[in-house]
Amino acid sequence: MVTKRIIPCLDVKDGRVVKGMNFKGLSDVSSPVELAKYYSDSGADELVFYDITASYEERGLFTEILKETARNVFIPLTVGGGINTTADFDRVLKCGADKVSVNSGAIRNPSLISEAAKLYGDQCVVISADVKRVGDGFRVFSKGGRIDTGMEAISWIKRCVDMGAGEVVVNSIDTDGVKGGFDIELLKLVTAAVKVPVIASGGAGSTGHFIDLFKSVPDIDAGLAASVFHFGEIKIPDLKLELRKNGINMRI
Amino acid sequence: MIAIVDYGVGNLFSLCSSLEAVGAEAVVTSDPDVIRNADKILLPGVGAFSDARRKLSQGGLDKLIIEEARKGKKLLGICLGMQMLFEYSYEYGKHEGLGLLSGSVVGMEGTIPESLKIPEIGWNALKIKAEHPLFKYTHEGDFVYFVHSYYAVGCEDSLLATTEYGKEITAAVAKGNICGAQFHPEKSGEVGLKMLRAFAEW
């Protein structure tokens with residue numbers, strides 16, 4: 001059977017990997033290509049590169065880094081950040097990306113999903129949703145988690161999948177950076193609502209959190225994290241061994 | 001020299017990089033003369049079968065590949081490129097493949113348990129069914145990366161490996177000089193690179 005996946009996420013700005021706490025206070029961590037190779041060698045099942053550069057000019061540097069990574073790393077690469085048009089899809093796919101994740105770009109223009117799915121296939125289009133509790137429900141936020149779109153999260157995700165998104169990344173703003181565990185409640189709702197693979201993001205602080213994720217949400221496909229991997233708090237080979245010991249199917 | 005057939009389907013950046021990484025000499029081409037002069041042919045492919053099949057027939061590349069393969073040139077199809085080696089595909093209608101291997105390609109929908117997600121996306125283990133130079137460095141239980149909604153059936157005479165996804169699904173095929181992988185070796189880490197090295201050395 002297909003294994004559960006462990007995915008380090010690399011936020012890239014000015015050619016370097018950074019990670020914010022609750023999206024604020026960025027701190028420089030390492031070189032993207034070196035870190036990507038390191039993760040691939042330590043058993044990461046996939047990598048996510050997130051381009052958080054602000055200006056159009058800096059996009060060139062990001063794609064160069066992406067190319068350099070794809071020349072050296074032979075596991076699936078998902079790229080997100082600043083994806084607003086199918087031309088953006090084209091730009092990163094040509095540099096070795098396998099999947100492209102859309103977030104604010106799809107909120108502004110939902111048909112981007114169907115257009116990209118038609119051009120590159122459903123498996124290529126990932127909807128990444130930043131979700132936060134508001135009142136009794138879950139809402140989708142845009143612009144890196146800063147703006148409440150007012151849209152109910154589960155129906156938004158379903159709509160994206162209906163339009164052709166082949167995979168979903170659920171990033172819980174409430175649990176992100178807190179290192180208190182994944183947002184199990186939210187992830188259960190999402191996995192019950194869609195049939196495509198769902199990746200959990202936000203909240204990983206320990207190996208136990210990953211065990212809890214895969215045990216509590218059996219339909220979840222992958223766990224994604226950044227800082228716990230970047231700062232070496234969790235080592236991927238140890239994590240995967242521990243998960244396997246707990247009966248979770250892992251590629252080791 | 002390996003000729004990677006470029007017929008406008010998918011992007012070949014990672015495939016080229018992975019062949020470079022194993023020290024193989026490869027060229028991306030749609031030039032019939034280059035393909036004719038190459039030692040080996042690599043047929044990639046992603047997307048819809050009928051669209052890819054139509055594009056491959058433009059300029060007669062399909063006939064050229066059949067001709068070269070029948071002459072004994074080593075041919076490796078990857079993903080949709082593997083599916084095209086068979087007689088037919090039933091992806092949105094019935095379409096003729098290259099007919100180099102016996103068997104056809106069918107959808108997962110309705111043929112695997114409903115609880116399983118389609119497409120199959122992710123890492124899955126290989127069950128090896130035969131010996132072949134392509135798998136010189138590949139071992140039972142090695143994990144490789146799959147992204148597919150269709151798979152080959154009726155190919156018992158060329159079955160090289162399967163993978164478990166609700167049932168045994170064709171993962172790799174090989175018969176003489178013609179072989180194929182349903183998975184993506186260029187995205188399967190060390191295991192994938194080893195298979196590409198084996199193809200290059202074959």
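Q: What do the buried residues of helix 3 of chain B pack against?
A: They pack against helix 4 (61-70), helix 5 (80-83), strand 5, strand 6 and strand 7 of chain B. Packing here rests on contact, which requires that the C-beta atoms of two residues, placed from the backbone, lie within 7 Å. The helices (H or I, at least four residues) and strands (E, at least two) are DSSP runs, numbered from the N terminus. This is a predicted model, in which local features need pLDDT of at least 70 and side-chain atom pairs count only at pLDDT 80 or more, whereas totals for chains, interfaces and linings use all residues. Residues are numbered from 1 along each chain as its sequence is written, and chains are lettered from A and ligands numbered from 1 in the order in which they are written.

Q: Why are the buried residues of helix 3 of chain B said to be on the same side?
A: The buried residues of helix 3 (residues 49-57) of chain B are B:Phe49, B:Ala52, B:Arg53 and B:Leu56. Around the axis they cover an arc of only 100°, and therefore they lie on the same side of helix 3 of chain B. The arc is that of the directions from the helix axis to the C-beta atoms. An α-helix has 3.6 residues a turn, so residues three or four places apart point the same way.

Q: What makes A:Asp221 count as buried?
A: A residue is buried if 20 or more other C-beta atoms, placed from the backbone, lie within 10 Å of its own, exposed if 12 or fewer, and partly exposed in between. A:Asp221 has 22 C-beta neighbours inside 10 Å and therefore counts as buried. A:Asp221 belongs to the loop between helix 8 and strand 12 (222-225) of chain A. Beyond its neighbours within four places in sequence, its contacts include A:Lys4, A:Arg5 and, from the other chain, B:Gly122. Although A:Asp221 and A:Arg5 are 216 residues apart along the chain, a separation of 6.3 Å lies between their C-alpha atoms.

Q: Why is A:Lys143 called exposed?
A: It has 12 other C-beta atoms within 10 Å, so A:Lys143 is exposed. A:Lys143 is located in the loop between strand 8 (137-142) and strand 9 (147-152) of chain A. Its phi is positive, near 55°, in a residue other than glycine.

Q: What makes B:Tyr92 exposed?
A: The count for B:Tyr92 is 11 other C-beta atoms within 10 Å, and therefore the residue is exposed. B:Tyr92 lies in the loop between strand 5 and strand 6 of chain B, and it has a positive phi of about 50° although it is not a glycine.

Q: Why are the buried residues of helix 10 of chain A said to line one face?
A: In helix 10 (residues 236-245) of chain A, the buried residues are A:Ile236, A:Leu239, A:Lys240 and A:Leu243. Viewed down the axis of helix 10 of chain A, they fall within an arc of 95°, so they line one face of the helix. A:Pro237, A:Asp238 and A:Lys245 are exposed on the other side of this helix.

Q: What makes strand 6 and strand 11 of chain B edge strands?
A: Strand 6 (95-96) and strand 11 (150-153) of chain B each pair on one side only. Pairing requires that DSSP find at least two bridges between two strands. The open sheet of four strands has the order 6-5-7-11 in chain B, with mixed pairing. Within it, strand 5 (residues 88-89) and strand 7 (residues 104-107) of chain B run parallel and are joined by two bridges.

Q: What makes a right-handed β-α-β unit in chain B?
A: The unit consists of strand 1, helix 1 (residues 13-21) and strand 2 of chain B. A crossover is right-handed if, with the strands pointing away from the viewer, the path from the first strand over the helix to the second runs clockwise. Strand 1 (residues 2-5) and strand 2 (residues 26-29) of chain B pair in the parallel sense over four bridges.

Q: Why does the radius of gyration of chain B agree with that of a compact globule?
A: For 202 residues a compact globule would have a radius of gyration near 17 Å, and chain B has 15 Å, which agrees. The radius is taken over C-alpha atoms, and the globule rule is 2.2 Å times the number of residues to the power 0.38. Of the 202 residues of chain B, 50% count as buried.
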